[in-house]
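Thanks for coming, everyone. Let me put the structure up, and then we'll walk through it.

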Amino acid sequence: MAVYVLSESIVSPLGIGAKNNFEALIQGQSGIKYHYNTEVSPYPFWGSVVSEKLLCKPASLPLTDRLWDCLSKLEKMIMISVWDAVSEKMSLISHPKTILIFTSTKGNINLINNGLSEDLYLFCIAEKIGKIFHNPNQVLTVSNACVSGLSGILVGKRLIEEQFYDHAIIVGGDIFSEFTYSGFTSFKAISPIPCRPFDSKRQGITLGEAASAIVLGNEYSEIALSGGSSSNDANHISGPSRTGEGLKLAIREALNQAQISKNELGFISLHGTGTIFNDEMECQALNGLGLENIPAHSLKGYYGHTLGAAGVLESAISIQMIRHGKSLPSRGFEENGTTLSFHVEKEAKELKKFSILKTASGFGGCNVALVFEKANHPIQVSRSIFQKITEQVAFDVEILPGEVYYQGNRIYSQKFIGNSDQWLTQAYRTLTPGYLKFFKMDNLCKLGMLAIELLFKNNSIFEKYLPSEVALLFANRSSSLDTDLAHQACLNKAGNYYPSPAIFVYTLPNIIMGEIAIKYGITGENLFLVLPQLDEKNLMQQVQITFSQSSAKLIIIGWVELLADNFHCKLGFIEKTR
Amino acid sequence: MTKESLIDQLKLQIIDVLNLDGVSGEDIDSNAPLFVEGLGLDSIDALELIVLLEKDYGIKIENSGDARKIFSSVSNIAQFILDNQKVS
C-alpha cells in the first residue's frame, strides 16, 4: 500500500499556511529575531517566536470562542495547523479510519510553575485534539526528542501501509520556554548569534517555536512518502556518534525502501542544528554514504530548532520544495566549517530531481530518515504480507513500589517507604552485577535500567540478532515529568539559578531507550509513545507495523512510568519468528 | 586555602555533583586523568564541572573547549581555581 502526502500546513513566525511560509522563505525571510523577555531569560536572546496576534480562532473551527480562549498558546498553534491541513474538512478528521498523531518534546512546559495539572501531560493535549475534531480513535503521542516529528510521520506511514487506517494526520508542536532555553544554556549550546548550520563560524543552536501538520493517505496524490527508518547511535545520550553510524543506518534503510539510488536523489534536508557536534556528525554520515555531492541544507537558519515540531515543519517545507520545483538554500551558511565538505546550497535553485531525503537526530542517540518524492503516477508497492500477530506480549519483568517480579514470580521484596531513588538503588544493588552509569541516571531511567538488566540477566536473546535488527518500543503516561520538576526546581532556586546539564539531559522520556541502546549496543528502530495507560492494543499495532515495515526481528517493549513516589514498569520482548 | 586542602575539598564536590556512587576521596588520584581514562568522565560531566566552578568558586568558563585542559586532573583544577579566584 503506497502512502501519499495529501496536504501540509505550518504555523510559524512567518505566518499560517505551508505555501505562505514557503514563499516567505524563497524571499529570504527568517523567523529568527532578537528578543527580550524576562519570562524566558534575564538576558536578550535570538529566537523564532510566534506572535499571539496570529492565533485567532479560525471562524469555522468547531469550538466556542470562550473555550478557544482557554487553550494554551501551543494548543492554539496546533489546532490552527491541523484545521488548515485538512482544509476544514470535518469528515476527514473525524473519520474512524483516520488516526491522529501528536508529536512534541515538552508540550505546555511553560505552565510547569502553575503546579501539577493535566495541562502538563502530553497525552492530555492529544486528547484535546481528538475531542475538538471529534475523532473516535485514541490520539497517539510521540515524544522522541528532536526526531519526534519525523517519528510521528513514520508511524502514520506504517499504520496506513499495514491497512490499520486510511489516513493519518500528524501534528507537531513545541513552544519557546525558559525551561528549554535554560537547559540548552547549561549545555553551552545556545548561539549568541542566529544559528549558522554547517558554517565555519557556527556557535550553536537558536531555539524556535512552531506547529505543523501533515495529512497522509492511501489515495494517489502528487507526493509520495516512499521510505522511512529510525535507528540509534548507541554511543552517548547527548552526543552523536562521531562517524554518524546511526544516521547512516537510517538513511540507508530509507533509501533502500524508497528504491532510490544516490544518482536519483535530488536534495537532502538535514537536521543541521548549528552545533559543532551535530553538523560534524552529519558531514561524516553523508560522506560515509557517498552523498556529499547531493545539494543539501538545514532549515534551522530560518525557523530555529523547533524540537518536537521540527520534523513535521521541515518535512512540510521539503514537500513544498517538490510541489514548486524549487530548492531552498541553507540560511546562515557561507563557508564550510565541517571536517569533510559536502554540497551545502547557498542559493535558491530549480529542483533537478524530485526526491528529497529528510533527516533528524536527537538526544538519546535517535535518528530518523524519510524520503519524499514526486509521484507522476500511482506507485506499485509489492511487499510480502506479514502475518497478523494474534498473541499478547508476555511482560517478563514487572516492578512496583516494594516488589519485583520475573515471569510472574516475585524475586525481590523490600518495603517501600516513599523514596523512589533509594528503593530503586537498593533493588539495583541487590539484584544486578551493577553498571556504573546507573548512579548518574534520573529515577525514570533507573527504573528502566533495573528492569532491562533483569530481563537479560539469564537471557542472551538479543545476541541472536544483529544490533540493527533489535528495536525498542517504549511508552509511559508522565513522559519525563518527574525530572522536569527537578529541572524547574533548579531554576526556581532563590538568587541566581544554575540549571544542571546532568538533570536537563533526562528531561526527555526517550533517554531510557538511549541508555539501553548504549549498554547493549542496540542500533535498530526506536519509538517512545506517551499514552494515558498501558495500552496493549496500540502497542501491538506498533509491533505489527514495525515487524512488517522495517528490518526489526526482535522488539523490546516497555511501559516505564514514574512520577515522584509512584512507579510501574513492565518489560518484555517479542521475536518476529516464533 | 592551601592547594592540598582545596584538592581534598574538590574531590568530595566532584563525587557529589557527578553522582560517583561508591567512589571515595581516597580513590581519586590527584594527578590522574579524569576523562576517557581514570574516572572515565564524559562531556555532560565536563559541563557539570563548569557549573561547579561557577556556582561554588565564582569562576566562569566561557569556552567549553578550554574545559578539557583545565579538568585534566584534580590537581590542575585546584591550580586553576587558585590562579583565577578573585581575592575577596
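In what sense do strand β4 and β8 of chain A pair, and over how many bridges? The sense is parallel, and there are 2 bridges. One caution before I go on: this is a predicted model.

Stay with that sheet. It is open, it has 3 strands, and the order is β3-β4-β8 in chain A. The pairing is mixed. β3(A), residues 32–35, and β8(A), residues 207–208, stand at the edges. Each has a single partner strand, so one side of each is left without a neighbour in the sheet. For a residue pair, take Gly47(A): its bridge partner in β8(A) is Leu207(A).

Now the domains. The assignment for chain A gives domain 1 as 4–374 and domain 2 as 397–575. Their centres, taken over C-alpha atoms, are 26 Å apart. Contact between them takes 44 residues from domain 1 and 45 residues from domain 2. On the domain 1 side, the elements giving two or more residues are α5, β6, α6, α7, β10 and α8 of chain A. Which gives the most? That is α7(A), with 6 residues. By class, the domain 1 side has 19 nonpolar, 20 polar and 5 charged residues.

β17(A), residues 397–400, pairs with β23(A), residues 566–575. That pairing is antiparallel, over 3 bridges. Val397(A) has Leu571(A) as its bridge partner in β23(A). β23(A) is also joined to β22(A), by 10 bridges, and those two run antiparallel. In that pairing, Ile557(A) stands opposite Gly572(A). β22(A) and β23(A) form a hairpin with 2 residues between the strands. There, Ala564(A) takes a positive phi near 55°.

The buried ones are Ile511(A), Ile512(A), Met513(A), Gly514(A), Glu515(A), Ile516(A) and Ala517(A). Note that Glu515(A) is on that list. What covers them includes β10, α13, β20, β21 and β22 of chain A. Just after the helix, Gly521(A) takes a positive phi of about 65°.

For contrast, look at Thr430(A), in helix α12(A), residues 420–431. Why does Thr430(A) count as exposed? It has 11 other C-beta atoms within 10 Å, and the cut-off for exposed is 12 or fewer. Tyr412(A) is 18 residues from Thr430(A) along the chain. Their C-alpha atoms are separated by 8.8 Å.

Last stop, chain B. Helix α1(B), residues 3–17, packs with helix α4(B), residues 74–84. The angle is about 115°, and the axes are 9 Å apart. The crossing is right-handed. From α1(B), the contact uses Lys3(B), Leu6(B), Ile7(B), Leu10(B) and Lys11(B). From α4(B), the residues are Val74(B), Ser75(B), Ile77(B), Ala78(B), Gln79(B), Ile81(B) and Leu82(B). By class, that contact has 8 nonpolar, 2 polar and 2 charged residues.

And how many residues of chain B are in contact with chain A? The count is 10 residues of chain B, in contact with 13 residues of chain A. The chain B side divides into 3 nonpolar, 3 polar and 4 charged residues.

That's the tour.

How values were computed
Residues numbered from 1 in each chain as written. Chains lettered and ligands numbered in written order. Predicted model: local features only at pLDDT ≥ 70, side-chain atom pairs only at ≥ 80, totals over all residues. Axes fitted to C-alpha atoms, helices over the stretch in contact; angles between N-to-C directions. Helix = DSSP H or I, 4+ residues; strand = E, 2+ residues; numbered from the N terminus. Left-handed = near helix turned anticlockwise from the far one by under 90°. Contact = placed C-beta atoms within 7 Å. Nonpolar A, V, L, I, M, F, W, Y, C, P; charged D, E, K, R; others polar. Buried ≥ 20, exposed ≤ 12 C-beta atoms within 10 Å, placed from the backbone. Domains from an automatic or database assignment. Pairing = 2+ DSSP bridges.
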